[in-house]
There are 2 protein chains.
Amino acid sequence: MSKGWVKIVGLGPGDQALVTAQVQDVLVEATDIVGYIPYVRRIAPRDGLTLHESDNRVELDRAAHALQMAAAGQRVVVVSSGDPGVFAMASALFEALEAGPADWLALDIQVLPGITAMLAAAARIGAPLGHDFCAINLSDNLKPWQLIETRLRAAGGAGFAMAFYNPRSKSRPHQFGRALEILREECGGQTLISFARAVSTDEERIVTVSLDEATPEMADMRTVVIVGNRDTRRVGGFVYTPRSAE
Amino acid sequence: MSKGWVKIVGLGPGDQALVTAQVQDVLVEATDIVGYIPYVRRIAPRDGLTLHESDNRVELDRAAHALQMAAAGQRVVVVSSGDPGVFAMASALFEALEAGPADWLALDIQVLPGITAMLAAAARIGAPLGHDFCAINLSDNLKPWQLIETRLRAAGGAGFAMAFYNPRSKSRPHQFGRALEILREECGGQTLISFARAVSTDEERIVTVSLDEATPEMADMRTVVIVGNRDTRRVGGFVYTPRSAE
């Protein structure tokens, strides 16, 4: 039996030109691709490659399936959008590894980084994350909403810029409005906030307003939201956060 | 006169396989490369390309030089290690743009993302940034040390994982020890901390210990430091932070 492996890779935000050569190379070697439907659809079909699409919210099952196939000698690539270590499949894979049979610990497992959405968005906006910043997943699927509020207050109060993943979904329409309220209190209403949707794709749309002007409808689940600190400002068509602070 | 431009690009942490195709392409089109000496040395010399190396801590001069050359019709690539928007040249360029002549505002300026050190390091470690996290520059060149302490306490107290850039230099030997003390107080001494030096290069070295075991000497200026949250743990040879929290 040939030696199997699992590589958990980041496909970047959408544009093929943002995929690393390292990730391109392992896609060529793979026998199986595992991932959430829209990410697997980014992989070109070919002979000898099986595409395993799965729905959202089954990350642990998907991870266990990948580990099982690698244990059986297959070369498995788990695909995430962006970077696999940022609110994506890498942690789910290690959770499945921990919960699984002991012989999985001997498997050849590797995480290959990618361009995460907040950094692709920041590049299009200018340099809004050019000073200390936080990345927060605003979904309360896996943590209590109260903890998210605590973190928003801590980060805003200490002058961090912030990037938000999963800012808003149909199942929790009011939470992002509440987040904006907290941000206005902690950061001041004049602080700039950018909504970056579908960055690097044909549907890219980027809007920057003040927190006072921001409304929950400006974000959806394909949007990364970036909030500056009190020094963040516009220059020409760009928004940037200076390197220095007082 | 041909139309000049400036592209501020990220070369990733060191391995050429981690450079995006987008960045490779603009390096081919460039007439001038501008950057800190070790980053410019990563670019292969060729006819028609001028390499402008500059020392550390002259970021604003370097940025103004890049803008001047673009205004004169040259195609200028400003190179950063990692991602240009994370403690690198993008903010410096916009600072120079703001301080410069008004006609620079009409220049063709673009930021192209790269694999930033913390995400390359996290991938090698496992998934230590798999939950909400902060990125903090521990250098007090451009901000007061007291603000760094405030941010460490805010982030640790709210349960963020953390990545530290520029953790330690010869000119400030005691500060990183002080940072470790604060982290022990806020996060608990059993929290895992990883020191990732020169990730993706031949000199890569990665060590994970508890905060109680950590000493300042484990970091230098080529090290990215990643601190987990209270749930961060080991599985096999990896360290990961679960996706969920209570």
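In helix H7 of chain A, the buried residues are A:Gln175, A:Phe176, A:Gly177, A:Ala179, A:Leu180, A:Ile182, A:Leu183 and A:Cys187. The model is a predicted one.

**Helix H7 of chain A**

- Helix H7(A) runs over residues 175-187 and comprises 13 residues.
- From its first C-alpha to its last, H7(A) reaches 18 Å, close to the 18 Å expected at 1.5 Å a residue.
- The cover over the buried residues of H7(A) includes helix H6 (145-157), strand S8 (161-165), strand S9 (192-197) and strand S11 (223-227), each from chain A.

**Helix H6 of chain A**

- H6(A) has 13 residues, which should span 18 Å at 1.5 Å a residue; the end C-alpha atoms are 18 Å apart, in agreement with that value.
- Its buried residues are A:Trp145, A:Leu147, A:Ile148, A:Glu149, A:Arg151, A:Leu152, A:Ala154, A:Ala155 and A:Gly156.
- Elements of both chains cover these buried residues: they include strand S7 (133-137), S8 and H7 of chain A, together with H6 of chain B.
- A:Gly159, which follows H6(A), has a positive phi near 80°.

**Packing of H6 against H7 in chain A**

- The axes of H6(A) and H7(A) lie 9 Å apart, and the two helices pack at an angle of about 25°.
- Because angles under 35 degrees count as roughly parallel, H6(A) is roughly parallel to H7(A).
- The crossing of H6(A) and H7(A) is right-handed.
- On the H6(A) side, the contact is made by A:Trp145, A:Glu149, A:Leu152, A:Arg153, A:Gly156 and A:Gly157.
- On the H7(A) side, the contributing residues are A:Gln175, A:Arg178, A:Ala179, A:Ile182, A:Leu183, A:Glu185, A:Glu186 and A:Cys187.
- By class, the residues of this contact of H6(A) with H7(A) comprise 6 nonpolar, 3 polar and 5 charged.
- An α-helix has 3.6 residues a turn, so residues three or four places apart point the same way.

**Packing of H6 against H7 in chain B**

- In chain B, the axes of H6 (residues 145-157) and H7 (residues 175-187) come within 9 Å and cross at roughly 25°.
- H6(B) and H7(B) are therefore roughly parallel to each other.
- H6(B) passes H7(B) in a right-handed crossing.
- H6(B) contributes B:Trp145, B:Glu149, B:Leu152, B:Arg153, B:Gly156 and B:Gly157 to the contact.
- H7(B) contributes B:Gln175, B:Arg178, B:Ala179, B:Ile182, B:Leu183, B:Glu185, B:Glu186 and B:Cys187.
- The contact of H6(B) with H7(B) divides into 6 nonpolar, 3 polar and 5 charged residues.

**Two residues of chain A**

- A:Glu149 is located in helix H6 of chain A.
- With a relative accessible area of 9%, A:Glu149 is buried, because buried means under 20%.
- Apart from neighbours within four places in sequence, A:Glu149 is in contact with A:Arg178 and A:Ile182.
- A:Arg124 belongs to helix H5 (residues 117-125) of chain A.
- A:Arg124 is partly exposed, with a relative accessible area of 45%.
- Residues up to four places away in sequence aside, A:Arg124 touches A:Val199, A:Glu204, A:Ile206 and, from chain B, B:Gln110.
- A:Arg124 and A:Glu204 are 80 residues apart in sequence, with a C-alpha to C-alpha separation of 9.9 Å.

Methods: Residues are numbered from 1 along each chain as its sequence is written. Chains are lettered from A and ligands numbered from 1 in the order in which they are written. This is a predicted model: local features need pLDDT of at least 70, side-chain atom pairs count only at pLDDT 80 or more; totals for chains, interfaces and linings use all residues. Side-chain values use heavy atoms; hydrogens and water are left out. Axes are lines fitted to C-alpha atoms, for helices over the stretch in contact, and angles run from 0 to 180 degrees between N-to-C directions. Helices (H or I, at least four residues) and strands (E, at least two) are DSSP runs, numbered from the N terminus. Angles under 35 degrees count as roughly parallel, over 145 as roughly antiparallel, 65 to 115 as roughly perpendicular and the rest as oblique. A crossing is left-handed if the near helix is turned anticlockwise from the far one by less than a right angle, and right-handed if clockwise. Contact means heavy atoms within 4.5 Å. Ala, Val, Leu, Ile, Met, Phe, Trp, Tyr, Cys and Pro count as nonpolar, Asp, Glu, Lys and Arg as charged, and the others, Gly among them, as polar. The expected span of a helix is 1.5 Å times one less than its number of residues. Buried means under 20% relative accessible area, exposed over 50%, partly exposed in between (1.4 Å probe, protein chains only).
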